[in-house]
Amino acid sequence: MRLIHSIDEMCGIISGARHEGKTIGLVPTMGALHAGHLTLVGRARQECDFVVVSVFVNPTQFGPSEDFHKYPRTLESDSRKCESGGVDVVFSPSAGDMYPEGFDTWVDVKGPTDVLEGQSRPGHFRGVATVCAKLFNIVEPDRAYFGTKDYQQLQVIKKMTRDLNMRLEIVPVEIVRERDGLAMSSRNAYLDSREREAALVLSRSLDLARQTFASGEHNAKAIKTRVLNLIAAEPLARVDYVAVVDAETLDSIETIDRPAAVLLAVRIGSTRLIDNTVLD
Ligand code: AMP
């Protein structure tokens, strides 16, 4: 496995792999890799001849008061995990190379970016779409792997590739959870033991949403109210948003008469966590 920092060097390696007729899989990450990321890597390894994992804490997707500076950076152990996972290249460019002086071109996906994460984190999806477009141009993957954990991000990336005729397949991968239900996230490392226990309220409230739906309740507001009440009972939790939306367009819906997603963003202490489930 090779660890590459230079964009030019990465492009050269990709040209070589393409020349050999290899299919290329990309797993874009911000590092601090856990079993969720490694599931994406496993899928890429199964389906592609040449696997690249990018590790880049992308400054343009963080707001000024967000956790860019404290975000965990663990490139050495990330590289070891990638090596064990059969990755061919870990690509970890510098922010200066990705956004050199004079950089001024942005990918601004409208529609699914206006609500929820887009509303709570202005500019976030512009940063995400721009960095993914750049990574797609550098790595030229046949397939790129994204977790459904970041449900809205996945819809934004799918829309960007459709709208801009990008010639790759976006492969969604199910959320990987801890044994007790907490969705794996690099940000879970911020939680102390009381907060870690309190964080279970996210997955529990999604279980409740699924049970309520399965028992025949198809009114979106009624499901949302039950979720909100459960979260309100946890003193360390503060809701950022709870939404029941069309699973494809993310438009809010009143009656669940087509696949719907329940999306949550909740602060546990000062840590903001997201999770979701699909009701179908
Ligand atoms: P991040 O490093 O947080 O930007 O995540 C990189 C990729 O891994 C994104 O496509 C995430 O959706 C995905 N991912 C993160 N956590 C999980 C998880 N628990 N299960 C599945 N995919 C995940």
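Q: Which residues touch the most other members of the largest nonpolar core?
A: This predicted model has 36 residues in its largest nonpolar core. The ones touching the most other members are Met10, Val52, Phe136 and Met160.

Q: Which element gives the largest share of this core?
A: Several elements give two or more residues to this core, among them α1 (7-19), β3 (50-55), α6 (124-139) and α7 (151-163). With 10 residues, the largest share belongs to α6.

Q: How many residues does the second, separate core have?
A: Leu182, Ala220, Ile256 and Leu273 are included in this second core, which is separate. Its count of residues is 26.

Q: Why does Ala199 count as buried?
A: Ala199 sits in the loop between α8 (193-198) and α9 (200-214). Leaving aside residues up to four places away in sequence, Ala199 touches Leu182, Leu191, Ile268 and Leu273. The cut-off for buried is under 20% relative accessible area. Ala199 counts as buried because its relative accessibility is 0%.

Q: How far from Glu234 is the nearest side chain of opposite charge?
A: Glu234 is found in the loop between α10 (220-232) and β7 (237-246), and it's buried without a salt bridge. A salt bridge would need a nitrogen-oxygen pair within 4 Å. The nearest oppositely charged side chain is that of Arg194, and its distance is 6.7 Å.

Q: Which residue has its backbone nitrogen 3.0 Å from a polar atom of the Glu234 side chain?
A: Polar contacts are counted within 3.5 Å. At 3.0 Å from a polar side-chain atom of Glu234, the backbone nitrogen belongs to Leu236.

Technical notes:
Residues are numbered from 1 along each chain as its sequence is written. This is a predicted model: local features need pLDDT of at least 70, side-chain atom pairs count only at pLDDT 80 or more; totals for chains, interfaces and linings use all residues. Side-chain values use heavy atoms; hydrogens and water are left out. Helices (H or I, at least four residues) and strands (E, at least two) are DSSP runs, numbered from the N terminus. Buried means under 20% relative accessible area, exposed over 50%, partly exposed in between (1.4 Å probe, protein chains only). Contact means heavy atoms within 4.5 Å. A nonpolar core is a set of buried Ala, Val, Leu, Ile, Met, Phe, Trp, Tyr and Cys residues joined through side-chain atoms within 4.5 Å. Lys and Arg count as positive and Asp and Glu as negative; His and the chain ends are not counted. A polar contact is a pair of N or O atoms within 3.5 Å; within protein, one must be able to donate a hydrogen and the other to accept it, and residues adjacent in sequence count only if both atoms are side-chain atoms.
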